[in-house]
Amino acid sequence: MIGLQGINHPWRFRIILFFLFAMGAAIAARIAYLHVFHHEFLAEQGDARALRYIPIPAHRGVITDRNGEPLAVSTPVLTLWANPKELQADKTRWEELALALELPKAELIKRIENNAARDFMYLARGLTPEHGQRVLERKISGVYGKEEFRRFYPAGEVAAHLVGFTNIDEHGQEGIELAFDEWLTGVPGKRQVIKDRRGDLIRDLQVKENAKPGKQLALSIDLRLQYLAHRELRNALLEFEAKAGSLVMIDVRTGEILAMVNHPTFNPNNRRHLTPQAMRNRAMIDVFEPGSTVKPFSIAAALGTGRWTPESTVDTGNGTFRIGRYTIRDVSRGGLLDLTGVLKKSSNVAISKIALDIGAMPVYNMMQSVGFGADTGLSFPGERVGQLPMHRKWGEAETATLAYGYGLSVTAVQLAHAYAVLGNQGRNVPLSLLRQDQTVAAGEQVIDPKISSQVMGMLQAVVEEAGGGGARAQVPGYHVGGKSGTAKKLAVGGGYTESSYRSLFAGVAPIDNPRVAAVIVIDEPSKGGYYGGLVAAPVFGRVMAGALRMLNVRPDNLPTETPTAVVGATQGGRG
Ligand code: 59J
């Protein structure tokens, strides 16, 4: 019919033919135009819909101790995942895959089938890169790898409070990991890949930008000392059934913190059962009244006024001293004491009388100059500054109690720093948690070196002479100086508890050429005694002995050898 009509109307047929031809020509022209003139633009557009950048994870910087021992390391791991739909396509390779993954074949099949409708499933998380690569090299379609890093803490609970930890994305959460997060964090790189419409990776094209690894960080601590301090503190806590404790060791010449440990502690590699108690870096985030451990600074203040000399005496009478409605008490009667005797007896009465004689300001200024109530500059997360009270008008009770260690609060680190100033001939060198590679600044002279040396001599008497209360802090081969303290803990409702104590010991060694200052804090010893001289001093002695030996410090207290005895022994041995 149409043909007939066409034949009947030949002009209509020609018009239709003409239009069909014209349309074909237009399409051909358009194709030619796009291919020839717009080729580049269109190819780019196509690529833009398939090309993707995926991040290359950057290596987080390693944290080490001062000798390069690793404290926090990021280990590369390879996580393998699969597209179950793709896996379904070739079941003949499942056995090979199971073998390569070191998985039972039945288990792998079950998992693939359980995820059959999905296009993502994990095959194995955090494999060693070698193992992961071995699997990927088999080029089983539907199996993909993802590079990741996992942070490990080789020293575990021994350095946990100081080093801190990161979260699963390797962002610092606590401690040094948090404080130096920016320094440690790298910049991820970029890799160009082709993905299909569903976002599945088709081809790895090129590395566009290499990942920039984070920077290394060498801490000031010596892991050997850290281990020793950890062990000795823990043993003391067990022996005296104490609640908690801290230990800080400082190089007096450089201000570097050589060890900082706390108990209780935690395992940073497994944080599933973490308690807030175990996480506290008490040495820096807890403050306490330092009690008698500050008496050497009150003595230094007295000597600094010129009104007192080491030979000056104080009468402590029957061991009590009334100030208004307060009565200051000594635990034992002292009678007439020179300044060395005041420290040996640890007389609250004597220190109070001295403080009232010189006034509050010299005591306050001395305490301030050795760092009490002041920022350490360490900027450790959560670090406390403590309080050194300043009164517009100092009452006698306030003056006296400040001088024998109450009414102010300090951290263990601040207390250790103050002893480091004393041991560094009166120079206040800023503290550091990082290894100091350049020559350290001389520091500010805050105590006359003659006075610091006199006070060091008194601290030596506390440890080495009978009745000083510090005998258990002695270190064979070295002269050491230090001061014990036993302080009633503040009660929750105000005032002081009657049966909760903090046992303290602070000191410096060796006396002739001081190198290390250390502070031990033991919270609430509950069995076998609670005096600082009994509970904390032995920890000081043992840890200081190890520290001086490990740091190759020349002994200043060796018994003079008799050559004949040595010769005799040698010959005897050979005979
Ligand atoms: C003490 C205090 C509390 C606060 C007293 C310890 C005061 C005080 C109010 C009685 C136990 C105790 C401001 S004792 O550290 O004097 O270390 O070997 O807690 O005195 O006035 O049953 N230390 N300790 N005092 N407070 N307020 C001695 C002394 C010290 C020793 C022993 C025995 C106290 C020699 C402490 C030690 O030097």
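Predicted model: local features only at pLDDT ≥ 70, side-chain atom pairs only at ≥ 80, totals over all residues.
Local features need pLDDT of at least 70 and side-chain atom pairs count only at pLDDT 80 or more, while totals for chains, interfaces and linings use all residues. Residues are numbered from 1 along each chain as its sequence is written, and side-chain values use heavy atoms, with hydrogens and water left out.

**Around the ligand**

- The ligand has 19 residues around it, and Ser-292, Ser-346, Tyr-404, Thr-486 and Lys-488 come nearest (a residue is near if one of its heavy atoms lies within 4 Å).
- By class, this shell holds 8 nonpolar, 9 polar and 2 charged residues; Ala, Val, Leu, Ile, Met, Phe, Trp, Tyr, Cys and Pro count as nonpolar, Asp, Glu, Lys and Arg as charged, and the others, Gly among them, as polar.
- β19 (481-490), β20 (496-509) and α21 (532-535) each give at least two residues to the shell, and β19 supplies the largest share, with 5. Helices (H or I, at least four residues) and strands (E, at least two) are DSSP runs, numbered from the N terminus.

**Polar atoms facing the ligand**

- An oxygen atom of the ligand lies 2.5 Å from a polar side-chain atom of Ser-292.
- For Thr-486, a side-chain N or O atom is 2.7 Å from a ligand oxygen.
- Gly-533 takes part through its backbone, where a polar atom is 3.4 Å from an oxygen atom of the ligand.
- The ligand taken alone exposes 750 Å², of which the protein buries 80% (Shrake-Rupley method, 1.4 Å probe).

**The largest pocket**

- Its volume is about 1600 Å³, counted as the space filled by probe spheres set on grid points joined across faces, edges and corners.
- Lining it are 50 residues, with Pro-57, Gly-145, Lys-146, Glu-147 and Glu-148 closest to its centre; lining residues have an atom within 4 Å of a point.
- β5 gives the largest share of this lining, 10 residues.
- The lining divides into 20 nonpolar, 12 polar and 18 charged residues.

**The cavity**

- The whole structure has 1 cavity of 30 Å³ or more, a cavity being a set of grid points where a 1.4 Å probe fits but cannot get out.
- Its lining includes Glu-157, His-161, Gln-226, His-230 and Asn-262.

Conventions:
Polar contact = N/O pair within 3.5 Å; in protein donor to acceptor, adjacent residues only side chain to side chain. 1 Å grid on protein atoms, 1.4 Å probe; cavity = no way out; pocket = protein on both sides within 12 Å on 5 of 7 lines; lining within 4 Å.
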